[in-house]
Structure formats: C-alpha cells, structure tokens
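Please keep the sequence and the three-dimensional view at hand while reading.

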Amino acid sequence: MRERPRRLDRLPEQYFAALLARVAAAGPVVDLGRGNPDVGPPPHVAEALDRAARRPDTHGYAPFAGLGALKEAVAARYRDVYGVEIDPETEVAVLPGSKTGLMEFAQTCVEDGDTIVLPDPGYPDYRSAVALADARLETLPLGRDARPDWDAAPARAAALYLNYPSNPLAACVPDGVFEEAIAWAHASGGWVMHDFAYGDLVFDGRRPQSFLAVEGAREIGFELFSMSKTYGMAGWRLGFAVGNAEITRRIEDLQNHQFAGIFMPVQEAGVAALTGPQDSVEARRATYERRRDRAVAALEGCEPRSEGTFFVWFKLPEGLTCEQLLAEHRVAVAPGEGFGERGRGWARLSLATPDDRLDEGLERLRRVVAAG
Ligand SMILES: Cc1ncc(COP(=O)(O)O)c(C=O)c1O
C-alpha cells in the first residue's frame, strides 16, 4: 500500500481531540476544558427545522451557494446589530460551520510556501490550516490584553488570522487593533481574516465589534460569523464568510467542488434563528457573564480574565500543572501551551458548563489555589 500523503503528516495533533481523550481516560472528572455550548437554540428554531424537514421539497440537493433568504438574514444581522451594510449576493458565503472557513481561507488565499501569520496565543485549528495549505507559519505575539506586537509581524505575508473576542485570551479587541491590521495588510500584501466566532458574547456592557465596521476592512479581508456560540447551535454546523467579494467568490468556488450545499431545513432554521426573537442571545450572554463572575472570584490570585467568549484565562499557580489538576484534583482545564508558546503557564477554563458542574469544578480549583 502507498504511504500516507505528507499533507496528513504535516497536520499537528488535533488539540481538542487529544484533550478530550486525556480527560476521558482520567475517569470521572469535572470537565471545564471543553468549549461546547450547554444550552441550545430557542424552541422556534427547532420548530422551523421540524417544519422544513416535513416538507417534501427540502430533501434534494440544496442550492450549492446556500439559500438567498439565509444570506439576506445574515446581512440584516450585520446591519442591525453590528452597524455594517453587506451585499447578501456578493459578500456572504454560507459555510458548514466557520471552522470550515478557517481552512478555506488558507486554501483560497495562499500559495504553497507562502507565509501565514497566526496570533500567539491563538486558536489551535489555525495551525491545521497552515499545514493543509503547505504554508510557512509565523506568529504574531499578543500581549496580556490581546494587543498584537506588530513590530514582530513579518514584513511580507499572504494571510493573517485574527480573533476577537479572543479564544483563549477571552479579551475583546483593544482600541485601534483593527485599523492597525488594515495598515499591516496594505504594507505586507496579505489578506486578513477576522474570526468573529464569539462576537456576541461580550461582558460588562461592551458592544459587539465587527471587523467590517472599520473603514477599509472589506477591501483587504473578511470575517467569519458562526451560529455556534451566538445561538447555541454548534452541532448544526452553520457559519458564514462575510466581507470581501473576491474571497467570497473563491470560497464559493472551492465549496462547489467540496460540498453539495447544506441540508435545507438547517438553513431555514438558520433564517428563523437570525430573524426571529433575539431574547435568547441576550439570555445566553448574561448566563455566561454570571458564570464568569463566579469563576473570576474562585480564581482570585491567578490573574483571571474574561471580557467575553465563554472562557476564563488564568495563570496557573507556581508549580501546578493542568495534568496535576486533572489527575489529583479531578478537574479538567485546557493547558495554555496548546494555544501557543506564549500560553505556557496559563490555562483556559470553559463557562459552557451546566451551573452545578461549573460550581463543583470551581470549588475544586478554589481549594487548590487557596492551598498553594
Ligand atoms: C476561535 C474559534 N473559531 C472558530 C471556531 C469554530 O466554530 P464553528 O462551530 O462555527 O465551526 C471555534 C469553535 O470552538 C472557535 O473557538
């Protein structure tokens, strides 16, 4: 038999699959490692799915580029919530989850051997996109407030990944960073992708901040918007690439070869989520904020931080590792070094955990921190 293609061997270990396996092998633990929404979408969304699935005309191949009504619903959200005018026909691509878009950005904008710049710390799956595109990886160091050190960015590159609110730093975009990214794009010749997966999960009265609201953003890049966190629809696999029309066209071209549309009832339910009552979005955001407050209190002394997302980023007490937390204290958190070298010594705790489990996990952490 022929050997595995090198492309597969270039892929890094899938951080979250490996973490899940380690947690499962540890036996009964409180799992605060995984960011998987614990509350689903409101009933009218499931009802829309059900209604559509009962119609005979929804079971064939969906239009490859997605339903026009869904693109219009995304454009309406961008207008009403983020203050951005989008042309639904040319500036929205429908994706089977925004994770797909992370890979498609590199596939559509980068040649073999080109440089891709990733934030450090940053979401581990970006590195998979670099590997699959056979690109060179350079990092953009982020400070404690998630502000990039632009002086450390390469002068020339094909693509930059940005993500605010940041996973894992749980920080919202610092003032001026989007403008600086646009300037970097013009100077370096690279495209910019802003990962807006946690866009609506912001705390303490902050407003969601879309990259596309900044003058000049859509000329050099685009944004990934996801149904997973805003609407608790992670398992439904529905997301969007929004912004630059040329990239939208390239992504749709690539998808015409890779996929054959998304199940129409899922898309119709997506329209219902985006255009129906929005009170569940605020309720979900407020739930995470309340949990954030409890987690920050429990982790006093560990420099806990969370301005948004459903994570808290905190410093591990001297001499304590996530492996010890798992094996000895029966609580799983995500080790910071998995998000990049600059994450070493830190850890990410997930608030997407039912209240009783979260409180049990926080109590265990509080005891360890107090004893240390
Ligand atoms: C930073 C970040 N980007 C993208 C994704 C992928 O989201 P989706 O469910 O839309 O594929 C995630 C999922 O956890 C994420 O944390």
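In this predicted model, helix 12 and helix 14 pack with their axes 9 Å apart, at an angle of about 15°. Angles under 35 degrees count as roughly parallel, and helix 12 and helix 14 are therefore roughly parallel to each other. Their crossing is right-handed. On the side of helix 12, the residues R291, R294, A295 and A298 take part; they meet D355, L358, D359, L362 and R366 in helix 14. The residues of this contact divide into 4 nonpolar, no polar and 5 charged.

The side chains of D355 and R294 meet at 2.7 Å, N to O. D355 lies in helix 14 (residues 355-371) and R294 in helix 12 (residues 279-298), so the pair ties together parts that are 61 residues apart in sequence. D355 is partly exposed, with a relative accessible area of 35%, and R294 is partly exposed as well, at 30%. Elsewhere, salt bridges that share partners join D204, R206, R292, D293, R305 and E307 into one network.

A second pair of helices may be described in the same terms. Two packed helices are described by the angle between their axes and the distance between the axes. The axes of helix 4 and helix 11 come within 9 Å and cross at roughly 20°. That angle makes helix 4 roughly parallel to helix 11. The crossing of helix 4 and helix 11 is left-handed, whereas that of helix 12 and helix 14 is right-handed. In helix 4, the residues A69, L70, A73, V74 and R77 meet Q267, G270, V271, L274 and T275 in helix 11. This contact is made up of 6 nonpolar, 3 polar and 1 charged residues.

Salt bridges form the next topic. Side chains of opposite charge can pair when their charged atoms come close. How many salt bridges does the structure hold? The number is 30. Three of these pairs are set out below.

| Salt bridge | Closest N to O distance |
|---|---|
| R55 and E268 | 3.0 Å |
| E246 and R250 | 2.7 Å |

The salt bridge between R55 and E268 has its closest N and O atoms 3.0 Å apart. R55 lies in the loop between helix 3 (43-53) and helix 4 (68-82), and E268 in helix 11 (residues 264-275), so the pair ties together parts that are 213 residues apart in sequence. R55 counts as partly exposed at 33% relative accessibility, and E268 is also partly exposed, with a relative accessible area of 24%.

The pair of E246 and R250 has another setting. Both residues lie in helix 10 (residues 245-258), 4 residues apart, which is about one turn of the helix. E246 counts as partly exposed at 30% relative accessibility, and R250 is partly exposed with a relative accessible area of 26%.

Some features of the backbone also deserve attention. Where is the peptide bond cis, with omega near 0°? This bond runs from D120 to P121, and P121 has its place in the loop between strand 3 (115-120) and helix 6. A cis peptide bond also joins Y164 and P165, with omega about -10°. P165 is found in the loop between strand 5 (159-163) and helix 7 (177-188).

Positive phi values occur in two residues other than glycine: phi is near 70° in A146 and near 60° in D204. A146 is placed in the loop between strand 4 (136-141) and strand 5, and D204 in the loop between strand 6 (191-195) and helix 8 (217-220). Are these residues buried or partly exposed? A146 is buried, with a relative accessible area of 0%, while D204 counts as partly exposed at 47%. D204 also belongs to the salt-bridge network described above.

Finally, A131 lies in helix 6 (residues 125-132). A131 is buried, with a relative accessible area of 9%. Not counting residues up to four places away in sequence, A131 touches R10, L11 and P12. A131 and M103 are 28 residues apart in sequence, and their C-alpha atoms are 9.6 Å apart in space.

Technical notes:
Residues are numbered from 1 along each chain as its sequence is written. This is a predicted model: local features need pLDDT of at least 70, side-chain atom pairs count only at pLDDT 80 or more; totals for chains, interfaces and linings use all residues. Side-chain values use heavy atoms; hydrogens and water are left out. A salt bridge is a side-chain nitrogen of Lys or Arg within 4 Å of a carboxyl oxygen of Asp or Glu. Helices (H or I, at least four residues) and strands (E, at least two) are DSSP runs, numbered from the N terminus. Buried means under 20% relative accessible area, exposed over 50%, partly exposed in between (1.4 Å probe, protein chains only). Axes are lines fitted to C-alpha atoms, for helices over the stretch in contact, and angles run from 0 to 180 degrees between N-to-C directions. Angles under 35 degrees count as roughly parallel, over 145 as roughly antiparallel, 65 to 115 as roughly perpendicular and the rest as oblique. A crossing is left-handed if the near helix is turned anticlockwise from the far one by less than a right angle, and right-handed if clockwise. Contact means heavy atoms within 4.5 Å. Ala, Val, Leu, Ile, Met, Phe, Trp, Tyr, Cys and Pro count as nonpolar, Asp, Glu, Lys and Arg as charged, and the others, Gly among them, as polar.
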